[in-house]
Amino acid sequence: TMTLEEFKTIFWWEWGNRQLGRFIGLLFFIPMIFFWVKDYIPRTYKPVILLLFLGGGLQGLIGWLMVKSGLVDRVSVSQYRLALHLTFALILYYFVLHTAFLLYQRRFFSLPQISPIFWLTGLVFLQIVSGAFTAGTHAGYIYNSWPLMDNAIIPDGLFSMGIMSLFEDRMTIQFMHRFLAYIVLGVTLSIVYQLIRAHRIRDAILLGLVVSGQVILGIITLITVAPVAHIELAALHQFGAVIVLSICCYLNAR
């Protein structure tokens with residue numbers, strides 16, 4: 001039922017996304033070669049920089065595989081490949097930001113330390129993956145009420161397809177997205193309390209406000225059926241997830 005004008009709209013988003021990916025690759029590659037030849041890159045960072053560049057190339061390949069999945073069994077792309085593309089993009093983004101924080105502090109490269117913030121970061125990643133499946137299956141189009149879902153806290157019919165319900169049953173997918181949000185919020189409040197006790201008031205306020213704001217934005221996105229009525233709001237919710245991940249990265253680097 002798509003008209004030519006409607007197709008033009010999605011064409012420009014698709015074309016722009018590809019060109020932006022290529023531009024980012026050049027924006028990374030050209031300075032990398034220059035600084036490498038000039039020997040400006042610290043020796044311990046050379047493998048890290050190279051891995052980040054190769055990761056960008058792999059992300060492009062994953063994006064191609066995602067797009068290729070459309071118009072095979074259905075008109076939209078596979079939710080599995082969509083989730084993989086988004087997840088890998090965020091992993092790449094996280095380590096670019098993590099590396100930048102360490103370079104800014106003039107520190108040797110190291111992986112994030114095991115801490116409460118580290119576990120919160122893992123939960124945030126899991127929640128974002130859950131959001132990808134929510135978007136990929138249009139699970140946000142149904143049960144647009146809160147805090148009840150289908151007139152219950154825990155609705156009937158969950159996991160009707162067994163373990164595959166986590167990836168293909170829209171009721172279960174939306175429920176898990178809600179449930180993980182509550183866990184993220186609970187863990188965040190616990191960490192905020194620990195930060196306050198450690199006299200890190202600014203960090204506590206920053207983390208608490210960003211996560212609380214994202215939860216509220218998620219509820220508004222759900223009850224207004226934003227993917228259908230207000231696509232900008234749905235995009236803002238996804239952007240909010242990246243902000244939460246960025247704050248986690250900042251606190252991990254601290």
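In which helix does Ser130 lie? This note answers that question and then turns to other parts of the structure, which is a predicted model.

1. **Ser130 and its surroundings.** Ser130 belongs to helix α4, which covers residues 116-136. Its relative accessibility is 10%, and because buried means under 20%, Ser130 counts as buried. Leaving out residues up to four places away in sequence, Ser130 touches Ile173, Met176, His177 and Leu180.

2. **The length of helix α2.** Helix α2 comprises residues 46-68, 23 residues in total.

3. **The buried residues of α2.** The residues of α2 that are buried are Lys46, Val48, Ile49, Leu52, Gly55, Gln59, Ile62, Gly63 and Met66. Their packing partners are α1 (4-37) and α3 (79-104).

4. **Helix α1 against α2.** Two packed helices are described by the angle between their axes and the distance between the axes. For α1 and α2 the angle is about 165° and the axes are 11 Å apart. Since angles over 145 degrees count as roughly antiparallel, α1 is roughly antiparallel to α2. The crossing of α1 past α2 is left-handed. On the α1 side the contact involves Glu14, Arg18, Gly25, Phe28, Phe29, Met32 and Trp36, and on the α2 side Lys46, Ile49, Leu52, Phe53 and Val67. Sorted by class, the contact of α1 with α2 has eight nonpolar, one polar and three charged residues.

5. **Helix α2 against α3.** How are α2 and α3 placed relative to each other, roughly parallel or roughly antiparallel? They pack at an angle of about 160°, and their axes are 9 Å apart; α2 and α3 are therefore roughly antiparallel to each other. Here too a left-handed crossing is found, with α2 passing α3. From α2, the residues in the contact are Val48, Leu52, Gly55, Gly56, Leu58, Gln59, Ile62, Gly63, Leu65 and Met66. They meet Arg81, Leu82, Leu84, His85, Phe88, Ala89, Leu92, Phe95, Val96 and Thr99 of α3. The residues of the contact of α2 with α3 comprise 13 nonpolar, six polar and one charged.

6. **The loop between α4 and α5.** Several local features fall in this part of the chain. Tyr143 lies in the loop between α4 and α5. Its phi is positive, about 50°, although Tyr143 is not a glycine. With 26% relative accessibility, Tyr143 counts as partly exposed. Pro147 is also placed in the loop between α4 and α5, and a cis peptide bond, with omega of about 10°, joins Trp146 and Pro147.

7. **Asp150.** The loop between α4 and α5 (165-168) contains Asp150 as well. Is Asp150 buried or partly exposed? At 41% relative accessibility, Asp150 counts as partly exposed. Neighbours within four places in sequence set aside, Asp150 is in contact with Tyr143, Pro155 and Met171. Asp150 and Ile33 are 117 residues apart in sequence, and their C-alpha atoms are 56 Å apart in space.

8. **Arg106.** Arg106 is located in the loop between α3 and α4. Phi of Arg106 is positive, near 55°, in a residue other than glycine. At 78% relative accessibility, Arg106 counts as exposed.

9. **Helix α6 and its partner α7.** Helix α6 (residues 170-197) has 28 residues, and the distance from its first C-alpha to its last is 41 Å, close to the 40 Å expected at 1.5 Å a residue. His199, which follows α6, has a positive phi near 65°. The axes of α6 and helix α7 (residues 201-223) come within 9 Å and cross at roughly 165°. That angle makes α6 roughly antiparallel to α7, and α6 passes α7 in a left-handed crossing. The contact residues include Val184, Leu185 and Thr188 in α6, and Leu207, Gly208 and Val211 in α7. By class, the contact of α6 with α7 holds twelve nonpolar, four polar and two charged residues.

Notes:
Residues are numbered from 1 along each chain as its sequence is written. This is a predicted model: local features need pLDDT of at least 70, side-chain atom pairs count only at pLDDT 80 or more; totals for chains, interfaces and linings use all residues. Side-chain values use heavy atoms; hydrogens and water are left out. Helices (H or I, at least four residues) and strands (E, at least two) are DSSP runs, numbered from the N terminus. The expected span of a helix is 1.5 Å times one less than its number of residues. Buried means under 20% relative accessible area, exposed over 50%, partly exposed in between (1.4 Å probe, protein chains only). Contact means heavy atoms within 4.5 Å. Axes are lines fitted to C-alpha atoms, for helices over the stretch in contact, and angles run from 0 to 180 degrees between N-to-C directions. Angles under 35 degrees count as roughly parallel, over 145 as roughly antiparallel, 65 to 115 as roughly perpendicular and the rest as oblique. A crossing is left-handed if the near helix is turned anticlockwise from the far one by less than a right angle, and right-handed if clockwise. Ala, Val, Leu, Ile, Met, Phe, Trp, Tyr, Cys and Pro count as nonpolar, Asp, Glu, Lys and Arg as charged, and the others, Gly among them, as polar.
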